[in-house]
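Have a look, and then we can start with a single residue.

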Amino acid sequence: MKWKLSKQMKTDLVGYSFILPNILGVLLFTLFPMLFSLIISFTDWDYTQGFGNWNVVGVENFIRMWSDEWFTSSLINTLIFAVTVVPLTVFFALVLAVIIDKYCFAKLPIRLAFFMPYISNVVAVAIVWVMMYSPWGPVTQLVQAFGVENPPQWLGDPKWALAAIILMTIWSGVGYANMIYTSAIQGLPRDVYEAADIDGANEITKFFKLTVPFLSPTTFFLIITTFVTSFQVFAPIQIMTRGGPGTSTNVLVYYIYTSAFTFYKMGYASSMAWILFIILFVITIIQWRGQKKWVSY
Amino acid sequence: MKIMKNCRKEVIQKLIPRILFTILIGAAAISMVTPFLWMLSASMKLPLDVMKLPIEWIPDYFYPDNYKKVWNIGGIAARDYHFALAYYNSIKIAVINLAGSVLTSTLAGYAFAKIKFRGSNVLFLLYLATMMIPSQITLIPKFVMFNKMGLTGTHLTLILPGLITITGTFLMRQYFMQIPDELRESARVDGANEYMIWARIMVPIAKPSMASLAMVVFLWNWNSYLEPLVFLSDWRLYTIPIALTNFIEESVTEYNLVMAAAASALIPAFLVFLFGQKFLVKGLVSGAVKG
């Protein structure tokens, strides 16, 4: 018997052949690992005991972590990190984008200067900032120049370490948000602004009544993406402070990393990775819901 | 006369805020690049001059040998940091993943945008949804998987997952969506099949978008840190970010060398940025525009 393919089936086959590499990649390197991760998150697997040598402990990992001080502190630090980095980055980027677009000469070089940290290798940047924060570095020197006699040991001081990394993160992220805002600003409807000019609206009014609402979809997008990336902060912590001093900069991904690859507690680390995923998922959903309320066009 | 005067007054009134804001924002922009300037200045100094106070922004004595030491040129280094090898590794991985990602994204992006196969919308949504999965959750399983597959100790641990990007597929689909269907239909009438249409019509017109994607993928790979840190254990395999962290551990006190190494690590990204700025920004921005 000879097989005859219908026209639709032929189209299907052609279509699937185009997306095959991507589907394979997602199955192999995202979905299958995720399933595997879910399974081992219910075990007490220690990597040094060898593959398969684990006990299923049910939800014990998920209960135990809430009385693990390292875990709770990492969660709190990550939260502090995200809720400071996100609004500050987005706010500075918006104000900058509007001012540069409207008032500045030499727009391009200024924008590029702000953008440079974003494309720079995070390790190189973190190393430079370690030196910037050192007692003989520019940050300390600047603070001393303003009359502070005993400036803190930024990264070595539990009170300042997280703030120091937050400052660096804002520095490196503001250029990206600024670039996104700039391209959104260029698409704003000019006639509405002209109408506002005729009505005698001043710049401040126009900013709050026109620009901010018009840019709300962009703001919304930036808040989600910055939040998600802030919640996954790892490289600066690993390079600059290793979670210290004490637990002051211990963040979630850093704790997951050390649990898994320093202490080889694969089961426990996987449970924490799932908590990270659940948090990001819930936040994304809440923000999508919220979008309808406050995105004004 | 009076009109002229008013006119001039208005121009000046407009000019003053512009000049003030340019100075203000310009100062902020300079402070943004200060860390880079400090890095360059320190990378040219003698070891002890790095810590000298007050800070010498322009060193009294330029010492470019730091770079020679980092790169092990001329045999003056106390030891070989294998920086050139790490550079080669990083470029190799970034270029392979760039080529792979552009190819797979252009294929899938075209199919999702234009070919009406059954299940395409559902598959695309599911595919996009996987973007929400943080890479940290798949890290441990991948580590175990690569061990089992015997891939540990090779660059395939970074290359195999790096050959596809979800953002890239999304980007290319967005691009192909706005290409009119007539182009495709007229080619079909001439007897071309989908593969020919893709290769001869779609790929050539999509080149600017492909260039944007290529630059974004290059930067991601060049700057990627967590995965190489976990998957690469042998110095012969190190990529630049890992070689850099290793470098600090080995030469803790020689800040001038560390800064020369950091400056060297920034060059490729800056070159990409310098020559492909328009494409790069387009790539970064178009991923951000609502779909």
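Is L226(B) buried, partly exposed or exposed? This is a predicted model, and in it L226(B) has 17 C-beta neighbours inside 10 Å. A buried residue needs 20 or more, and an exposed one has 12 or fewer, so L226(B) counts as partly exposed. The residue sits in helix α11 of chain B. Its C-alpha atom is 46 Å from that of R188(B), although 38 residues separate the two along the chain.

Helix α11 of chain B also turns up in the surroundings of α12(B), which spans residues 240-250. Buried residues in α12(B) include I240(B), P241(B), L244(B) and F247(B). The buried residues of this helix pack against α3, α10, α11 and α13 of chain B, and against α5 (122-132) of chain A.

That brings us to the contact between the chains, to which chain B and chain A each give 70 residues. On the chain B side, helices supplying at least two residues include α1, α3, α11 and α12. The most comes from α1(B), with 15 residues.

Chain B itself is assigned two domains, domain 1 (2-66) and domain 2 (83-286). Their centres, taken over C-alpha atoms, are 35 Å apart. Domain 1 brings 9 residues to their contact and domain 2 brings 8 residues. On the domain 1 side, α1(B) again gives the most, here with 4 residues.

The make-up of the two sides is as follows.

| Domain 1 of chain B, touching domain 2 of chain B | 6 residues | 2 residues | 1 residue |

Note on methods: Residues numbered from 1 in each chain as written. Chains lettered and ligands numbered in written order. Predicted model: local features only at pLDDT ≥ 70, side-chain atom pairs only at ≥ 80, totals over all residues. Contact = placed C-beta atoms within 7 Å. Domains from an automatic or database assignment. Nonpolar A, V, L, I, M, F, W, Y, C, P; charged D, E, K, R; others polar.
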